[in-house]
Amino acid sequence: MFGGFKASKLKPQLKMAVSRFQIASNKKTAILKQQMREIAMLLSETPTPKEEKARIRAETLIREDNTIEAYEILQLECELLCERIKLIASCKECPPDLVSCVSTLIWATDRVDIVELVEVRKQFRSKYGKKFEEAALKNIDGCLNERVVAKLSVEPPSAYLVQTYLEKIAQEYDISWTPMIKLNGESAVAPMVAPVGESVPSAPGTGYGEAHTGQQHIDKDMYMPPGGGGGGPPPMAHVMPIPPPAVPDDDDEPDIFVPAAPSNRPGGGRGGGGGGGTTYDDMASLSGPTPIPFVPQPPSTNNRDDDDDNNGGNGGASYDDLAARFAALQK
């Protein structure tokens with residue numbers, strides 16, 4: 001069937017996978033040698049070895065070492081399947097002695113950087129079906145190689161293994177190094193603790209770490225209170241209180257002159273007829289905080305005689321009377 005299992009396609013993929021595993025292992029081994037020298041330099045730094053950074057590098061070293069070990073095992077399994085390709089092609093079911101090899105290669109396809117295993121997985125899925133593939137991915141009945149599963153695991157290594165790697169590196173490069181962290185039974189089995197900066201010096205940029213050390217000594221030991229006694233924290237700086245904003249007083253408001261009401265007088269007509277003079281009530285009706293007295297314009301001389309004739313000689317108040325009233329209001 002088109003797209004099904006083909007032994008002629010599976011065998012070259014297995015051979016190329018063997019070569020790819022070998023190349024990847026050699027490349028990782030060369031990188032590990034360089035990383036070991038870097039870890040040795042971290043442990044040999046003075047005055048304080050950078051142990052925390054060296055532990056992180058050692059964890060990476062262990063993970064790469066485990067990957068190389070898994071590559072070696074997967075390489076052997078590919079070589080075995082390549083030699084038994086005829087047996088695989090002739091049998092409908094997977095031979096019992098090859099179930100672990102086939103299942104481990106299917107499981108490791110997504111966990112290693114070997115592109116040839118993708119095609120190998122497709123060929124085995126076409127040969128044995130999807131149920132066989134799912135059983136391999138879920139490790140049903142323990143069909144996978146336990147050593148490969150452990151080496152490709154994402155779990156971090158134990159603190160004891162990390163410290164053992166550091167001791168081996170220090171011994172190989174002839175470095176006098178003593179671990180800062182002492183491991184007991186529980187801490188040795190558990191993963192490495194997170195770094196807290198114990199190996200990081202003070203003021204690493206300028207190198208003035210002694211200044212920070214002296215400041216800490218002054219803060220803790222050399223401070224003496226004014227009244228004597230033991231050491232203690234330095235006094236807090238005195239903070240001047242900030243007064244609240246001033247609230248304006250009612251007495252500070254400017255005085256506004258309000259003229260007094262004039263005494264009641266008879267009508268303002270010159271002839272006593274209660275003509276059209278302006279009174280205090282009329283001025284109080286004006287808008288605004290302070291009443292502004294009404295000052296009429298002086299009558300025109302041209303129309304004065306006509307007004308007198310129209311009013312019967314007893315017209316409104318004259319200009320002099322209004323000016324006199326205004327002067328009385330201002331008193």
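**Helix faces and backbone exceptions in a predicted model**

Gln13 is buried, its relative accessible area being 17%, where buried denotes under 20% relative accessible area, exposed over 50% and partly exposed the range in between, computed with a 1.4 Å probe on protein chains only. The model is a predicted one, in which local features need pLDDT of at least 70 and side-chain atom pairs count only at pLDDT 80 or more, while totals for chains, interfaces and linings use all residues. Residues are numbered from 1 along each chain as its sequence is written, and side-chain values use heavy atoms, with hydrogens and water left out.

Gln13 belongs to helix α1, helices here being DSSP runs of H or I of at least four residues and strands being runs of E of at least two, both numbered from the N terminus. When its neighbours within four places in sequence are left aside, Gln13 is in contact (heavy atoms within 4.5 Å) with Glu116, Glu119 and Val120.

Helix α6, which spans residues 130-138, has Phe132, Glu133 and Ala136 as its buried residues. Viewed down the axis of α6, these buried residues fall within an arc of 100°, and they therefore line one face of the helix; the arc is taken over the directions from the helix axis to the C-beta atoms. An α-helix has 3.6 residues a turn, so residues three or four places apart point the same way. The cover over the buried residues of α6 includes α4 (99-108) and α5 (116-128), whereas Lys130, Lys131 and Lys138 are exposed on the other side of α6.

Most residues other than glycine have a negative phi, and most peptide bonds are trans. Asn139, the residue that follows α6, has a positive phi near 55°. Asp141, although not a glycine, likewise has a positive phi, of about 65°, and is placed in the loop between α6 and α7 (146-151); with 78% relative accessibility, Asp141 counts as exposed. A positive phi of about 55° is also found at Asp174, again not a glycine, which is located in the loop between α8 (159-172) and α9 (185-189) and is exposed, with a relative accessible area of 72%. Finally, the peptide bond joining Thr46 and Pro47 is cis, with omega of about 0°, and Pro47 is placed in the loop between α1 (7-43) and α2 (51-83).
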